[in-house]
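Good morning, and thank you for coming. Please look at the sequence and the structure on the screen while I speak.

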Number of protein chains: 2
Amino acid sequence: MPTTAIRETRLPSGLRVLTDPMDTVETVSVGVWADVGARHEPAPLNGVCHMLEHMAFKGTRRRSALDIAVEMEDVGGNMNAYTSREHTAFYAKMLKDDLPLAVDILADILQHSVFDPEELAREQGVVVQEIAQSIDTPDDIVFDHFQATAYGDQPLGRPVLGTVETVEGLNSDTIGGFQHTHYSPDRLVVAAAGRVDHDALVDLVGRQFTALNPRPAKGDLHAHYTGGEYRESRDVEQTQVVLGFEGVAYDDPDYYATVMLATLLGGGMSSRLFQEVREKRGLAYTVNAFASSYIDGGLFTLYAGTGPEDVAALTPVLCEEIGKVRTRVAADEVARARAQLRAGILMGQESTTGRCEQLARQILVYGRPISNEEVLAELNTIDEAAIVRVANRVFSTAPTLAALGSIDGMVSLERLKGWI
Amino acid sequence: MPTTAIRETRLPSGLRVLTDPMDTVETVSVGVWADVGARHEPAPLNGVCHMLEHMAFKGTRRRSALDIAVEMEDVGGNMNAYTSREHTAFYAKMLKDDLPLAVDILADILQHSVFDPEELAREQGVVVQEIAQSIDTPDDIVFDHFQATAYGDQPLGRPVLGTVETVEGLNSDTIGGFQHTHYSPDRLVVAAAGRVDHDALVDLVGRQFTALNPRPAKGDLHAHYTGGEYRESRDVEQTQVVLGFEGVAYDDPDYYATVMLATLLGGGMSSRLFQEVREKRGLAYTVNAFASSYIDGGLFTLYAGTGPEDVAALTPVLCEEIGKVRTRVAADEVARARAQLRAGILMGQESTTGRCEQLARQILVYGRPISNEEVLAELNTIDEAAIVRVANRVFSTAPTLAALGSIDGMVSLERLKGWI
């Protein structure tokens, strides 16, 4: 495993700067990750984080929207951003000599955006289109319904994009106010990976990020998983089925065992769900399982898309596989899941953007970088018994079922509960 | 720019083996790229290439479907495949020591697949689900309709997945026969990038790929672009609009100028379409332009998704931008497009899978590796006049319009023609 030389500096403001140098590439990825996401939004402002992410590209005191795009693309760099339920990220990849420009732009859009009302009105139209695109994509929107059902009317249950109503209700003041409140130095991490010198980056960041508003830390969060059922009849070719359970938080002692359970159950072509649902029964093209975590909770999810004539057959098969994995897993399955995760970690090391993002997220979640060696050591402690135990933990929680499509033939959640 | 040490060996059978070594990584990507795609299918067998791609994973004389999945994932490797209109690819990424296993599996599935009728029956169900998923995804299926409209009832106009009818009509003999006819050594390329030794790979491939059927070269292909109009009313939130023209073949002298035109017009945040359609007018979340090429032709495509109330406004704006770029482009736009393409080439060098695929495709398309220096030299010759000339060439061909959604308010293709 290649050695890494990750370095971390905390500026006097509390802003953390991390670098993961790779001297074999000519490029660098750099970004700002914020411990701010949809779950930090008050209900009437649902979607404000994501709108703030969009509006950051719409003009600062010094730069128009066009300037932001042109300056980065003039040097062949590209800049992007995303919002999730817990994080917002702004990042860029460029040739190594253009790092100062990227830091200058990142600092500008995160501290000096003007949120011009005319620009906002247009961008509200753009985001309404983004919402429409998501609604039109069944295997996308079904996960929003799943999330809303799993967490009910809590922040974690709301869509990242917001709704047409909440998005159209935002104004420049609410967006600027939200940024002022939440984008404090101790909730931001600047991370870079690739051809980068740590001291030079610290110097650039120290000189540019001087206008962030220091604030007291955010209040405690409490994810309260409820479970439940959502069914939507829609005239489509495929029925989307998401069956979920309460998973584990990032800092849960069962975190790695849960990731291994998801890999073994539905992570690859050799996984139980792929073999049973797709290979043996031909019921689905896409079928998988995955574990997702939050600071204070998590979800464990099984997903498949199937035809109207197979809907009735699909969920009992999922339940049967759940029952089996609660009873027994084989040593070779566990070894294979570990090998897949191990190789995934190594392969992830080859991408500057991947390394940069991984590092930033580790800082936001754990407060420190987690070495590959540490992850591998954790994976090595997990045996068959641990996975069976975790399967029983996860699958004894209340199920969440979200289905969209031809749902008439589907068994009820109540009946499913009896099978799990 | 990092130097590369690409090596090529042609085995006595005609099979070519290429390597692009990178000594800074611990992994290797290896694959077989075949000069065989949906356009080589007879009409009644539409989808046979793609079904062959699926069935390659469903069992050989030595291995069950489960064996294939398990052997690769046991070592943490992953294997994947795709089919396009001109190519089929089977590739894997793994830790460097597992290369012999990957070559063994690739050789096995491409030469000794059994196409068991029971497995086929199940896999037909899986592919029917894949087709259903595509139909349910408006911004996916609209491009199939676009392609069918651009090329009419010709091989290039048909969907890669086939139709439910043609897929259900396939049997083990037609699939095996198609493979026997088309998978000849001179139409295949084995390529690897990453931690790989050329001579060792040549040795492995020479020993394993001994059962391919040598055949005369395939007949000539003739792409005949027609253009035309497709409109489908569907009850969705967004209307999908694809406006296309005849583009250029890979070996066209205007190939690179066309790529630059697409970049400048709709390739990034600073591009004309992004600025005009999204930033200035807020008409779309996704809007872009791209050039795609075939051996003997190509397409130049503008795409946007918009709301029902904006459909009427969108296409005139696209036409206006087409008119402008036929008149004038600025030196800074051209320099920016060049910088973006240049950086994209450099960034692509960092991925083993990307390098491996690029190399294989260059061999299939051009018969030789194309160095980055050569591409950059080509890009450097293209000035404003060349791009305006190419814009006039492309945009004076017959347009193709495909729209899906709320289409009542859309202007007709005839009227659009008058504006271009």
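**Salt bridges and the contact between two chains**

I begin with a pair in chain B: Arg63(B) and Asp108(B) form a salt bridge, and their closest N and O atoms are 2.8 Å apart. Where do these two residues lie? Arg63(B) is in the loop between helix 1 and helix 2 of chain B, whereas Asp108(B) belongs to helix 3, residues 99–111, so the bridge ties together parts that are 45 residues apart in sequence. Arg63(B) has a relative accessibility of 6% and therefore counts as buried. Asp108(B), at 2%, counts as buried too. Please keep in mind throughout that this is a predicted model.

How many salt bridges does a search of the whole structure find? Over all chains, the number is 62. Let me show two further examples.

In chain B, Glu119(B) forms a salt bridge with Lys58(B), with 3.0 Å between the closest N and O atoms. This pair links distant parts of the chain: Glu119(B) sits in helix 4, residues 117–135, and Lys58(B) in the loop between helix 1 (48–55) and helix 2 (65–74), 61 residues apart. Both Glu119(B) and Lys58(B) are buried.

In chain A, the side chains of Asp296(A) and Arg39(A) meet in a salt bridge, at 2.8 Å from N to O. Asp296(A) lies in the loop between strand 9 (287–294) and strand 10 (297–306), and Arg39(A) in the loop between strand 3 (27–34) and helix 1 (48–55), so this bridge joins parts that are 257 residues apart in sequence. Are the two residues buried or partly exposed? Asp296(A) counts as partly exposed, at 23% relative accessibility, while Arg39(A) is buried, with a relative accessible area of 5%. The cut-off behind these words is 20%, because buried means under 20% relative accessible area.

I turn now to how the two chains are arranged. Chain B is superposed on chain A by a rotation of 180°, with 0.0 Å of shift along the axis and an RMSD of 0.0 Å. The two copies are therefore related as by a two-fold rotation axis. Which residue of chain B comes closest to that axis? It is Thr137(B), whose C-alpha is 2.7 Å from the axis.

The next topic is the contact itself. In chain B, 66 residues are in contact with 66 residues of chain A. Together the two chains bury about 5300 Å² between them, 56% of it on carbon and sulfur atoms. Glu73(B), Gln129(B) and Glu350(B) supply 13% of the area that chain B buries against chain A, more than any other three residues.

What kinds of interaction cross this boundary? Between chain B and chain A there are eight salt bridges. Asp74(A), for instance, forms a salt bridge with Arg336(B), and the closest N and O atoms are 3.0 Å apart. There are also 32 residue pairs in polar contact between chain B and chain A, counting pairs with both residues at pLDDT 80 or more. Several elements of chain B each supply at least two residues of the side that touches chain A, among them helix 2, helix 5 (138–151) and helix 12 (331–348). Helix 4 of chain B gives the most to this side, with ten residues. By class, the side of chain B that touches chain A has 24 nonpolar, 21 polar and 21 charged residues.

One network includes residues of both chains: Lys58(A), Glu119(A), Arg122(A), Glu123(A), Arg278(B) and Glu279(B) are linked by salt bridges.

Finally, I would like to point out some individual residues. Thr83(A) lies in strand 4 of chain A, residues 78–83, and counts as buried at 12% relative accessibility. Its side chain makes a polar contact of 2.4 Å with the side chain of Glu53(A). Leaving aside residues up to four places away in sequence, Thr83(A) touches Cys49(A), His50(A), Glu53(A), Thr88(A) and Val160(A).

The last case concerns the backbone. Most residues other than glycine have a negative phi. Phe115(A) is not a glycine, yet has a positive phi of about 50°. Phe115(A) is found in the loop between helix 3 (99–111) and helix 4 (117–135) of chain A and counts as buried at 7% relative accessibility. In chain B, Phe115(B) also has a positive phi of about 50°. Phe115(B) lies in the loop between helix 3 and helix 4 of chain B, and is buried, with a relative accessible area of 6%.

Methods. Residues numbered from 1 in each chain as written. Chains lettered and ligands numbered in written order. Predicted model: local features only at pLDDT ≥ 70, side-chain atom pairs only at ≥ 80, totals over all residues. Heavy atoms only, no water. Salt bridge = Lys/Arg side-chain N within 4 Å of Asp/Glu carboxyl O. Helix = DSSP H or I, 4+ residues; strand = E, 2+ residues; numbered from the N terminus. Buried < 20%, exposed > 50% of the residue type's maximum accessible area, 1.4 Å probe, protein only. Least-squares fit on C-alpha atoms with pLDDT ≥ 70 in both. Contact = heavy atoms within 4.5 Å. Buried area = accessible area lost by both parts, 1.4 Å probe. Polar contact = N/O pair within 3.5 Å; in protein donor to acceptor, adjacent residues only side chain to side chain. Nonpolar A, V, L, I, M, F, W, Y, C, P; charged D, E, K, R; others polar.
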